[in-house]
There are 2 protein chains.
Amino acid sequence: MTLAEFVASAIPPVEGRHAAARALLDTIGVMLAGASESAAASVQQVVAQESSGLQCSVLGTRLRTSATNAALANGTAGHAHDYDDMCFVSLAHPSAPLVAAGLAIAELSGATGRALLEAYVVGFEIEARLGRAMNPRHYQRGWHCTSTLGTIGAAAAASRLLGFDAAVSVHALSIAASEASGLKENFGTMVKPFHAGLAARNGVLAALLAQAGLTASGSAIEGPQGFLAAMDSESSALLPFIADLGGRWEILDSGITVKLYPSCAATHPALDALLDLKYRDGFDAADVDRIDIGVDAITPTVLLHEHPSTGLEGKFSMPFCAAAAVVDGHVGLATFAADRLADPIVAGMRERVAMHVDPTLDAGAPPLTQARVQVTLKDGRVLGAVANGARGYPDRPATSEQLAAKFLSCAGVALPETRAREALAALQCIDGAADVRTVIDLCGSGGAT
Amino acid sequence: MTLAEFVASAIPPVEGRHAAARALLDTIGVMLAGASESAAASVQQVVAQESSGLQCSVLGTRLRTSATNAALANGTAGHAHDYDDMCFVSLAHPSAPLVAAGLAIAELSGATGRALLEAYVVGFEIEARLGRAMNPRHYQRGWHCTSTLGTIGAAAAASRLLGFDAAVSVHALSIAASEASGLKENFGTMVKPFHAGLAARNGVLAALLAQAGLTASGSAIEGPQGFLAAMDSESSALLPFIADLGGRWEILDSGITVKLYPSCAATHPALDALLDLKYRDGFDAADVDRIDIGVDAITPTVLLHEHPSTGLEGKFSMPFCAAAAVVDGHVGLATFAADRLADPIVAGMRERVAMHVDPTLDAGAPPLTQARVQVTLKDGRVLGAVANGARGYPDRPATSEQLAAKFLSCAGVALPETRAREALAALQCIDGAADVRTVIDLCGSGGAT
């Protein structure tokens, strides 16, 4: 089965749609939270001057714009806090682009909730297969998979929602292959969330152009000068990796990791362990002499900021995240607000957190998933724990309650609480929605802009 | 001098502006001609449904849209016939993206003609330096320089027109680096002209976002996971190639090749030689027994269509182009219309044209620039010529008369003849225009859509 045939004919299982519904809910929450972030605001400013009064909603604002611009704005907002979900196969944040692209087309076309969820699954599957074929070489070369693979995934989801047959889907995927980009060198800047917007926008544009008759090469993905070749794919062919498309579902097998802390994923195992120790042993910041956190050798290349001066840097700072966890008892959106960055108690605690490479950690584990935490209390007690993965990982999924709490805390950034609860309730039964626009309307006019 | 400093502070020489003015004129002509082509029409269809009634003009139509969408539509139209100019250093068609991006920002801001020309030069210089650093490896890997390098060039031109200082220009160029894409695997399809539109659109978007406060990494182009590294640059650093930025002008030294035939550049040397023989010796199609055309080893990998069935394929067919030249006495836009593809006299002549690799051609010459043409007449005479380059190359530039004739034939596709002549006159003194919108208005509402 070709990618395009799959797009046209896949019948995602109900469990896949359930997983997609969770992802949708989670992602709309982080989009609403991100809508007032500066990267998202910049995009909104351009979008507003470009085209207002059009069909599609920028969530968390009063803006209405074109489908491509809505995808751009919502995708950027969805990744603005680095709080959106992840996939360890595509090495991408899958949902910010897929949901932003899907919402734009669904709003244009009045799709059902089920159609939106199936489109999500289709896009997710294709993205994961590309990831299996292309990673790790593709990622290591400097490409941000959220954007590169995300563009193809978004085009697939949009194509599916637009009801394309395989022949038209080929063109959409091939146009998308010529649009895909996104450099990891821009990590740690506003361009990282913008990459998610780009992927969504480019995927939507590719599908709309294919619908409008723009035709492309059938070999744009696998040909000698195509996407795999140019993009440093580990494998030069998709075949072994797409052989079971439609038979095996990555969204169920590999799963989606929900982030329960809005900080770099590399902080999550240590934060889990540290918060567990705190709740088990009941210490607080004043009791702590020092905290030592052992990590794998790759983590220090990601968590670069020992003395963060902005919230964005704080997300990539183990000392700051650990200090905030001990002082506040949790790590949430408010952790990365300016007042917490400047808080003298958090800063004082931060100086007593040390991160070091621990060679005794399981070398066979995936990067960034291990941590050894040791808390030395002033009374001389030494508390220790080893973390293997984190809550939110596919084998330790976020509970419905955790998901709902995260959604409400995120959506509350943009929406009044009653509206946020209505949106949550609507998203919890999205699979039965007759028209996704009823749900989008709940999220689209919060008043942030 | 950094790229960004150059953007902010370059003082292009008057000769550079003159060269840019020629390029502008030439490119607006091919844009007008391309505006009714199918690739351009597809883009227009999306643009129209996305955002009509806005500030910027889609040349050759009545459409007004956003700056990014106008850049997308005009860039695509500019490359739709493969009749737009080339640069043998960037290995790109420089003007379609640079002019489309420049026009969009100039129309937004009411720029002077001189500012537009200086922005063109700035974008061209940066694109050429990137080409010196990155080619041929970058191009050979499968990247379409018109789109990849063109995105950075378009961002530079837009940044210049918006009056950015170096600090803001860095962000614009770095955002553009994360947007750049375009696969050669899509050559021979409508995605090839779309690449030029993408470059223009992405360049404009990068600049507008930088203006709106989106910030990026200062190392996005040269860093270890940046544009050069990810994009298979021949050199890992720009330095030797940008050392004389502002001191030496590529637009003058390397120059711009104007295409005098709307067919693949690899056909041009042979077409020049063949037409010269025809006019010198006065034969016509009925006199010809056969034509043998020797080319270098790379040409057959580009001119793939021995029996073209569409105009787009005809542009990449040496037998068809040579046959049409002999039958019609010239090669122009009409050569690739459906009636000429189907014409039995041209088809009969086409069967008597053979292309082969000639190992006696100058192996040191740049690819695609050599041809040995031999015409065997039915009376037994054998006429021969060797072509080294073609008319329109920088060392054999198109005359002002040739440029004007090409413009009128192109613009006439979209505009009434009197309007085309007015546009030509306005473009011939663009350097003194107080507001580029007066010129755009002449080209923007022809009535094709």
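Biologist: What should I know about the model and its numbering?
Modeller: It is a predicted model, where local features need pLDDT of at least 70 and side-chain atom pairs count only at pLDDT 80 or more, while totals for chains, interfaces and linings use all residues. Residues are numbered from 1 along each chain as its sequence is written, chains are lettered from A, and side-chain values use heavy atoms, with hydrogens and water left out.

Biologist: How many residues of chain B are in contact with chain A?
Modeller: 59 residues of chain B are in contact with 59 residues of chain A (contact means heavy atoms within 4.5 Å). The two chains bury about 4600 Å² between them, 54% of it on carbon and sulfur atoms; buried area is the accessible area (1.4 Å probe) that two parts lose on being put together, summed over both.

Biologist: How many salt bridges are there between chain B and chain A?
Modeller: The count is two, a salt bridge being a side-chain nitrogen of Lys or Arg within 4 Å of a carboxyl oxygen of Asp or Glu. B:Arg141 pairs with A:Asp232, with the closest N and O atoms 3.0 Å apart.

Biologist: Which helix of chain B gives the most to the side that touches chain A?
Modeller: H10(B), with nine residues. Helices (H or I, at least four residues) are DSSP runs, numbered from the N terminus.

Biologist: Switching to chain A, what does A:Arg64 form a salt bridge with?
Modeller: A:Glu107, with the closest N and O atoms 3.6 Å apart. The pair links distant parts of the chain, 43 residues apart: A:Arg64 is in strand S2 (a strand is an E run of at least two residues) and A:Glu107 is in helix H5.

Biologist: Is A:Glu107 buried or exposed?
Modeller: A:Glu107 is buried, with a relative accessible area of 5%, and A:Arg64 is partly exposed at 33%. Buried means under 20% relative accessible area, exposed over 50%, partly exposed in between (1.4 Å probe, protein chains only).

Biologist: And in chain B, how far apart in helix H6 are B:Arg129 and B:Glu125?
Modeller: They are four residues apart, so about one helical turn separates them. Their side chains meet in a salt bridge at 3.5 Å, N to O, and both residues are buried.

Biologist: Last one: where is A:His268 found?
Modeller: A:His268 is in helix H14 of chain A and is buried, with a relative accessible area of 4%. Its side chain reaches the backbone oxygen of A:Ser263 at 2.9 Å, and a polar atom of that side chain lies 3.0 Å from the backbone oxygen of A:Tyr261.

Notes
A polar contact is a pair of N or O atoms within 3.5 Å; within protein, one must be able to donate a hydrogen and the other to accept it, and residues adjacent in sequence count only if both atoms are side-chain atoms.
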